[in-house]
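Work through the exercises below with the structure in view, and try each task before you read its solution.

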Amino acid sequence: MFESGYLALFLASFLAATVVPFSSEALLSGMLAGGYDLYWSLALATLGNWLGGMSSYGIGWLGKTEWIEKYLRIKHEQILKTQQRIAGKELWISFFCWLPGIGDVIAVLLGLLKVNVWNVAIGMFIGKMLRYLVWALLTLKVIELF
């Protein structure tokens with residue numbers, strides 16, 4: 001069951017959720033067109049992408065707010081204000097970590113701001129799972145056309 005195609009999808013999905021520019025969606029579509037199992041493909045793409053996103057969150061967590069102040073020149077008061085603004089909305093904000101381009105930045109910032117890891121993990125997982133589910137269903141509809 002776990003031949004190189006599934007491993008490649010997992011790794012591609014992991015890398016796509018980091019700062020490495022990579023398109024795991026194209027690989028997922030190719031695998032579905034090649035007859036790979038929908039459920040295994042969705043599970044491995046989601047798991048890989050979620051773990052990659054959580055690694056970005058972890059990198060942010062290791063950072064220090066002093067770095068934000070020093071290198072981005074954002075005042076400490078603004079950082080505290082941002083933390084207060086997102087309090088209670090962590091799950092919803094982390095849901096958008098699936099967005100291309102800015103999702104990785106969101107994950108790192110949530111880590112830097114020391115947002116609750118469980119809220120981030122749950123919100124991020126749901127967002128990434130829904131993204132792959134929609135992509136896979138669209139892929140299968142296109143495949144039906146040909």
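**Exercise 1.** Find which residues of helix H1 and helix H3 meet.

*Solution.* Begin with H1, where Tyr6, Leu9, Phe10, Ser13, Phe14 and Ala16 touch H3, and then turn to H3, whose partners include Trp40, Leu44, Gly48 and Ser55; contact here means heavy atoms within 4.5 Å. Next sort these residues by class, which gives 10 nonpolar, 6 polar and no charged residues, where Ala, Val, Leu, Ile, Met, Phe, Trp, Tyr, Cys and Pro count as nonpolar, Asp, Glu, Lys and Arg as charged, and the others, Gly among them, as polar. This is a predicted model, in which local features need pLDDT of at least 70 and side-chain atom pairs count only at pLDDT 80 or more, while totals for chains, interfaces and linings use all residues. Residues are numbered from 1 along each chain as its sequence is written, and side-chain values use heavy atoms, with hydrogens and water left out.

**Exercise 2.** Decide whether Ser56 is buried or exposed.

*Solution.* First locate Ser56, which lies in helix H3 (residues 38-62). Its relative accessible area is 4%, so Ser56 is buried, a word that means under 20%, with exposed over 50% and partly exposed in between (1.4 Å probe, protein chains only). Then look beyond the neighbours within four places in sequence, where Ser56 is in contact with Ala17, Thr18, Asp104, Ala107 and Val108. Finally, compare positions along the chain: Leu110 is 54 residues apart from Ser56, yet their C-alpha atoms are separated by 9.3 Å.

How values were computed. Helices (H or I, at least four residues) and strands (E, at least two) are DSSP runs, numbered from the N terminus.
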